[in-house]
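Please read the following note beside the sequence and the three-dimensional view. The points are numbered so that each can be checked in turn.

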Amino acid sequence: MDQADVLIVGGGHGGAQAALALRQHGFDGSILLVGREPELPYERPPLSKEYLAGDKPFERLLLRPAQVWADKRIEMRLGRSVVALDPAARTATLDDGATIAYLHLIWAAGGDPRRLPGENPNLAGVHTVRTRADVDLMIAEVDAGAKRTVVIGGGYIGLEAAAVLTKLGLSVTLLEALPRVLARVAGEELSTFYEAEHRAHGVDLRTGVTVAAIEGQDTVSSVRLAEGDVVPADMVIVGIGIVPAAGPLLAAGAAGGNGVDVDELCRTSLRDVYAIGDCAAHASAFADGAVIRLESVQNANDMATTAARAICGDPQPYRATPWFWSNQYDLRLQTVGLSAGHDATVVRGDPAARSFSVIYLKGGKVIALDCVNAVKDYAQGRKLVENRSAPDPAQLADTAIPLKELA
Ligand SMILES: Cc1cc2nc3c(=O)[nH]c(=O)nc-3n(C[C@H](O)[C@H](O)[C@H](O)COP(=O)(O)OP(=O)(O)OC[C@H]3O[C@@H](n4cnc5c(N)ncnc54)[C@H](O)[C@@H]3O)c2cc1C
């Protein structure tokens with residue numbers, strides 16, 4: 001049987017950072033990372049941005065050059081999945097039947113794209129956007145002449161893909177079931193702004209519509225809506241969120257449901273088993289203590305460091321401020337804090353000038369900012385969120401007053 005002092009499951013942002021943070025914090029034991037994808041750890045955000053656009057080759061997405069992993073004695077077993085855990089015996093079983101004994105385990109398996117009910121998984125031309133392999137398939141179809149794209153889902157990934165494909169000259173129809181895009185993550189002002197931007201760039205953006213079926217024989221030909229319309233398609237992108245990848249952990253008895261439950265040190269209910277990143281449900285001070293999962297690079301990296309420090313005997317509770325970004329066309333959105341549960345908003349700057357911020361308040365206190373082409377607001381607004389500042393809304397809206405003066 002193989003063995004590792006720390007076994008890391010998943011070679012994405014969280015898994016890679018966990019390995020690096022262990023070494024940074026002085027861990028000298030053996031580290032083995034098992035990852036389902038064949039590539040060395042790489043950045044996922046560019047998949048729906050520069051990589052899809054052809055602006056960044058894959059080599060520039062690698063989180064570290066191959067040599068770094070070797071130098072730091074971080075062993076990789078790539079193209080392999082962990083399929084079962086035995087927490088009492090402290091062993092993990094891989095899909096090739098190998099068993100690995102561990103002292104500590106960090107589960108960093110992320111999530112798998114959610115699929116539409118009744119979707120035919122074998123229909124060619126239907127894509128999700130989670131891995132390099134997913135995007136390579138899309139790029140090949142664009143290169144082969146795909147022209148009409150339907151994007152299902154108006155979250156960040158769907159909107160980013162729509163922006164890139166429009167720029168590449170494809171016609172794009174974007175379908176969102178809710179009354180507005182970004183409804184789960186942002187306020188109405190931001191949704192309205194992005195809807196207008198996409199329409200101005202030629203996207204046929206439809207909200208409040210339900211997909212009845214993705215149609216085609218072997219290859220996709222159209223998307224039929226419950227409302228009756230049939231939208232012809234050479235290519236369909238399903239961007240409707242993820243299902244946290246926690247099956248083997250939950251089957252082994254870890255508490256959870258929407259992912260795996262973790263405490264403030266990223267410990268699961270199983271002894272010496274940690275979970276981090278997209279699959280880890282935690283109580284967040286930025287959500288009034290509610291148990292949430294965050295899907296962001298910040299969260300994966302900071303949770304990785306939390307787990308690594310705990311293993312190294314230097315525990316520091318996870319309290320990192322959430323931040324996020326999204327690039328669409330020439331618009332850079334930067335978000336700090338969590339806007340869910342806000343009861344008021346202040347718009348600072350002029351959306352028509354394509355540089356503004358939406359500031360979210362709850363009980364008069366600032367809980368989050370969405371800053372569009374407004375780097376200063378983002379940098380200075382962070383303190384407002386961290387201090388739960390309660391400035392006068394009229395002053396927040398006044399662009400002549402720097403936000404740092406209101407923190
Ligand atoms: C297209 C796209 C764009 C994004 N853009 C942004 C952005 O702009 N800003 C931002 O902050 N975040 C963005 N995100 C989100 C961000 O990439 C994720 O939150 C982050 O990657 C989460 O890290 P993770 O380690 O939890 O999961 P991942 O990075 O998904 O890594 C999990 C890895 O585990 C592997 N795995 C799964 N199950 C097993 C198993 N049983 N055994 C072994 N390996 C397994 C998976 O194959 C995967 O490689 C984006 C995500 C996508 C898909």
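**Notes on the predicted model**

1. In this predicted model, a backbone N or O atom of Arg36 lies 3.1 Å from a nitrogen atom of the ligand. This is a polar contact, that is, a pair of N or O atoms within 3.5 Å; within protein, one atom must be able to donate a hydrogen and the other to accept it, and residues adjacent in sequence count only if both atoms are side-chain atoms. Taken alone, the ligand exposes 990 Å², of which the protein buries 96%. Accessible areas come from the Shrake-Rupley method with a 1.4 Å probe, and for residues only the protein chains shown count as cover.

2. Residues are numbered from 1 along each chain as its sequence is written. Because the model is predicted, local features need pLDDT of at least 70 and side-chain atom pairs count only at pLDDT 80 or more, while totals for chains, interfaces and linings use all residues; side-chain values use heavy atoms, with hydrogens and water left out.

3. The shell around the ligand holds 31 residues, and the closest are Gly14, Glu37, Lys49, Arg130 and Asp278. A residue is near a molecule or strand if one of its heavy atoms lies within 4 Å of it. By class, the shell has 12 nonpolar, 11 polar and eight charged residues. Here Ala, Val, Leu, Ile, Met, Phe, Trp, Tyr, Cys and Pro count as nonpolar, Asp, Glu, Lys and Arg as charged, and the others, Gly among them, as polar.

4. Helix H1 (13-24), strand E2 (31-35), helix H8 (297-311) and strand E22 (323-328) each supply at least two residues of this shell. Helices (H or I, at least four residues) and strands (E, at least two) are DSSP runs, numbered from the N terminus.

5. Strands of a sheet pair through backbone hydrogen bonds, either parallel or antiparallel. Two strands pair if DSSP finds at least two bridges between them. Five strands form an open sheet with parallel pairing, in the order E8-E15-E9-E10-E11. Strand E8 (126-127) and strand E11 (204-207) are the edge strands, each pairing on one side only. Within the sheet, five bridges join E9 (residues 148-152) to E10 (residues 171-176), and Val151 has Leu174 of E10 as its bridge partner.

6. Strands E12 (residues 211-216) and E13 (residues 220-225) run antiparallel and are joined by five bridges. They form a hairpin with three residues between them, and Glu215 stands opposite Ser222 in E13.

7. How many disulfides does the count come to? The count is zero, where a disulfide is a pair of cysteine sulfur atoms within 2.5 Å. The sulfur of Cys266 is too far for a bond, because the closest cysteine sulfur, in Cys279, is 10.0 Å away. Both residues are buried (under 20% relative accessible area; exposed is over 50%, partly exposed in between; 1.4 Å probe, protein chains only), with 1% for Cys266 and 0% for Cys279.

8. Cys266 also has a positive phi, near 70°, in a residue other than glycine; it lies in the loop between strand E18 (259-261) and strand E19 (273-275). Asp288, likewise not a glycine, has a positive phi of about 55°. Asp288 is found in the loop between strand E20 (280-283) and strand E21 (291-292) and is exposed, with a relative accessible area of 56%.
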